[in-house]
Amino acid sequence: MIRPVHSKDFDELLQIEAQAFPKSQYDREELWLLSLKYPHTFLVTVSNQMDGYIVFRPDGHIISMAVRPHKRRVGIGTRLVEKVIGHCSGNSLRLEVRVSNVGAQRFYLNLGFRIKARIDGYYHDGEDAFLMERSADDTEDTN
Ligand SMILES: CC(C)(COP(=O)(O)OP(=O)(O)OC[C@H]1O[C@@H](n2cnc3c(N)ncnc32)[C@H](O)[C@@H]1OP(=O)(O)O)[C@@H](O)C(=O)NCCC(=O)NCCS
């Protein structure tokens, strides 16, 4: 089930963050602020536990997403991005991803995103980001 985040979700979100982003995880306060700012577009996917999350701006900018390591490669991430596509129909989608995060880049390429630019020193540790974008035309084709 995919549903909006609740305040009781933060313990599990912090676990997923620590596993997914050892270099730049969100802390509890940052997750709480994101949930206040984006109550309708901070989504979690749950089975017997939380399997993953996505948070995006209503204009189509994906802020962050992650899936629990042992739940990857079974389509959970794709279903989360499909929610963004449905919500932002008519808008292009954008995100930043570490240049070293080749797995995530392949995931987004598979969903129709393309690398548009390289952003020098985007992350706090100095790593560059790729800006990836999926055009609104692709969004309309999917629906
Ligand atoms: C990126 C991430 C969200 C993908 O979630 P997921 O649930 O595993 O993705 P899916 O199962 O929907 O993958 C769909 C397809 O994307 C591609 N893909 C996904 N992960 C991939 C990887 N690590 N390497 C290569 N291709 C990958 C594959 O084509 C996959 O289809 P397949 O499994 O049939 O080959 C997940 O790997 C993750 O949480 N990574 C750590 C956090 C992160 O990097 N977040 C993104 C930051 S911008």
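1. Which residues come nearest the ligand? In this predicted model, they are V67, G75, G77, T78 and N101, out of 21 residues around the ligand.

2. A backbone N or O atom of M65 lies 2.9 Å from a ligand nitrogen. A polar backbone atom of V74 is 3.2 Å from a ligand oxygen. The side chain of R72 places an N or O atom 3.4 Å from an oxygen atom of the ligand.

3. How much of the ligand is covered? Taken alone, the ligand exposes 920 Å². The protein buries 77% of that area.

4. Next, the shell by element. β4 (62-67), α3 (76-87), β5 (93-98) and α4 (102-110) each give two or more residues to the shell around the ligand. The largest share is from α4, with 6 residues. By class, the shell holds 11 nonpolar, 6 polar and 4 charged residues.

5. Where does the ligand sit? The space it takes is the largest pocket. That pocket holds about 1400 Å³ of space. Its lining has 41 residues, and F21, S64, M65, N101 and Y108 lie nearest the centre.

6. Now the lining by element. α1 (10-20), β4, α3, β5 and α4 each give two or more residues to the lining of the largest pocket. By class, this lining counts 19 nonpolar, 12 polar and 10 charged residues.

7. Two residues deserve a second look. M65 is among those nearest the pocket centre, and its backbone makes the 2.9 Å approach to a ligand nitrogen. N101 is likewise among the residues nearest the pocket centre, and is also one of those that come nearest the ligand.

Technical notes:
Residues are numbered from 1 along each chain as its sequence is written. This is a predicted model: local features need pLDDT of at least 70, side-chain atom pairs count only at pLDDT 80 or more; totals for chains, interfaces and linings use all residues. Side-chain values use heavy atoms; hydrogens and water are left out. A residue is near a molecule or strand if one of its heavy atoms lies within 4 Å of it. A polar contact is a pair of N or O atoms within 3.5 Å; within protein, one must be able to donate a hydrogen and the other to accept it, and residues adjacent in sequence count only if both atoms are side-chain atoms. Accessible areas come from the Shrake-Rupley method with a 1.4 Å probe; for residues, only the protein chains shown count as cover. On a 1 Å grid over the protein atoms alone, a cavity is a set of points where a 1.4 Å probe fits but cannot get out, and a pocket is an open set with protein on both sides within 12 Å along at least five of seven lines; lining residues have an atom within 4 Å of a point. A molecule sits in a cavity or pocket if more than half of its atoms lie within 2 Å of its grid points. Helices (H or I, at least four residues) and strands (E, at least two) are DSSP runs, numbered from the N terminus. Ala, Val, Leu, Ile, Met, Phe, Trp, Tyr, Cys and Pro count as nonpolar, Asp, Glu, Lys and Arg as charged, and the others, Gly among them, as polar. Grid points are joined across faces, edges and corners, and a volume is the space filled by probe spheres set on the points.
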